[in-house]
Structures are given as C-alpha cells and as structure tokens.
Amino acid sequence: QVQLVESGGGLVQAGGSLRLSCAASGSIFSIGDMGWYRQTPGQQRELVASITSGGRTNYADSVKGRFTISRDNPKNTVDLQMNSLKPEDTAVYYCSADIIHYSDYSVMEYWGQGTQVTVSS
C-alpha cells in the first residue's frame, strides 16, 4: 500500500516562514504530479502549488513569490517552503501525489492526512 505522511505545520507569526514536507512510501513504481492543497472550514480544498515529475511548477496567484514547491524524486518527497506568511494562509495543508503502483502500473491519486498551519497577526 501507499502512504503520504506530512510534517512541518505549526503556529507562526505573520511575516514568518514554515516548511512543509511530505514523504510517500509503499509499493511505488514512480510518481507523477505532486502538489499541496489547503482547506479552511466551510471552504473547498484549493490548490496551492503543484510540480510535475520533470520539475515544472504551478502556483496559486495568492502565493506566487512567497511559496516554493520542490521535490526529490529518488526520495519520493515533496516540500513547500512558505515565506512571508499571512493570516489568510491559515488552513489545513494536504499533500497529494499521483502514484504509479509497482504491482500493475495502475495510477491513483493519494492524499496525506493534513497538517495545520496557523498564522497569527
């Protein structure tokens, strides 16, 4: 089976930085797109940033210039460096990954359990 485990959330003051990490493990042949999403109560989950296996990135307009997504393909990890944090960045952050299974090369999207990021003003 496949698991995504996130770490790095917490409480930070506005203007501060946090780094989120997500590690995929299990029966993985390879990983396609990876991404970070966030969700606040009563709102839909929204894309924060994504990265292809080749390193092409995409960001939500609200985080461009402040957040940086990166991945380490051999380690099956994806990170999100968050700088100049604002109170409106407060949310539960989830990582996702398109996993190609080792057993049959089928593709499935997996999600982490979520990590809370709280930015105080």
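Strands here are DSSP runs of E at least two residues long, numbered from the N terminus, and two of them count as paired if DSSP finds at least two bridges between them. With that in hand, the hairpin of β4 and β5 is a handy place to start: six residues sit between its strands, and G42 takes a positive phi near 80° there. The model is a predicted one.

Stepping back to the whole chain, the protein has eleven strands and zero helices. Read along the sequence, then, the pattern is simply β-β-β-β-β-β-β-β-β-β-β. The C-alpha atoms fill a box of roughly 50 × 25 × 20 Å along the principal axes. The radius of gyration is 14 Å, which agrees with the value near 14 Å that a compact globule of 121 residues would have. Of those 121 residues, buried ones make up 41%. The accessible surface comes to about 6,500 Å², and carbon and sulfur atoms account for 47% of that. As for contacts with a separation of 6 or more, 56% are between residues 24 or more positions apart.

Now for how the strands line up. Four of them form an open sheet in the order β1-β3-β8-β7, with antiparallel pairing. The edges are taken by β1 (2–7) and β7 (67–72); each has a single partner strand, so one side of each is left without a neighbour in the sheet. From one strand to the next, the twist averages 15°. Within this sheet, β3 (residues 18–26) and β8 (residues 77–82) pair in the antiparallel sense over six bridges. One of the residues involved is L18, whose bridge partner in β8 is M82.

Strand β4 has pairings too. Nine bridges join β4 (residues 28–39) to β9 (residues 91–101), and the two run antiparallel. Here Q39 stands opposite V92 in β9. Five bridges also join β4 to β5 (residues 46–51), again with the strands running antiparallel. In that pairing, G35 stands opposite S50 in β5. As a general point, side chains in a regular strand alternate between the two faces of the sheet.

The bond joins C22 to C95, with 2.0 Å from S to S. Since C22 lies in strand β3 and C95 in strand β9, the pair ties together parts that are 73 residues apart in sequence. The torsion about the S-S bond is about 45°, so the disulfide is right-handed. Are the two cysteines buried or exposed? Buried means under 20% relative accessible area. C22 counts as buried because its relative accessibility is 2%, and C95 counts as buried because its value is 0%.

A last stop is F67, which is found in strand β7. With a relative accessible area of 3%, F67 is buried. Leaving out residues up to four places away in sequence, F67 touches R38, V48, Y59, L80, Q81, M82, N83, L85, D89 and Y93. Among these, M82 is also the bridge partner of L18.

Terms used. Residues numbered from 1 in each chain as written. Predicted model: local features only at pLDDT ≥ 70, side-chain atom pairs only at ≥ 80, totals over all residues. Heavy atoms only, no water. Helix = DSSP H or I, 4+ residues; strand = E, 2+ residues; numbered from the N terminus. Axes fitted to C-alpha atoms, helices over the stretch in contact; angles between N-to-C directions. Disulfide = S-S within 2.5 Å. Buried < 20%, exposed > 50% of the residue type's maximum accessible area, 1.4 Å probe, protein only. Rg over C-alpha atoms; globule rule 2.2 N^0.38 Å. Contact = heavy atoms within 4.5 Å. Areas by Shrake-Rupley, 256 points an atom, 1.4 Å probe, with all protein chains shown as cover.
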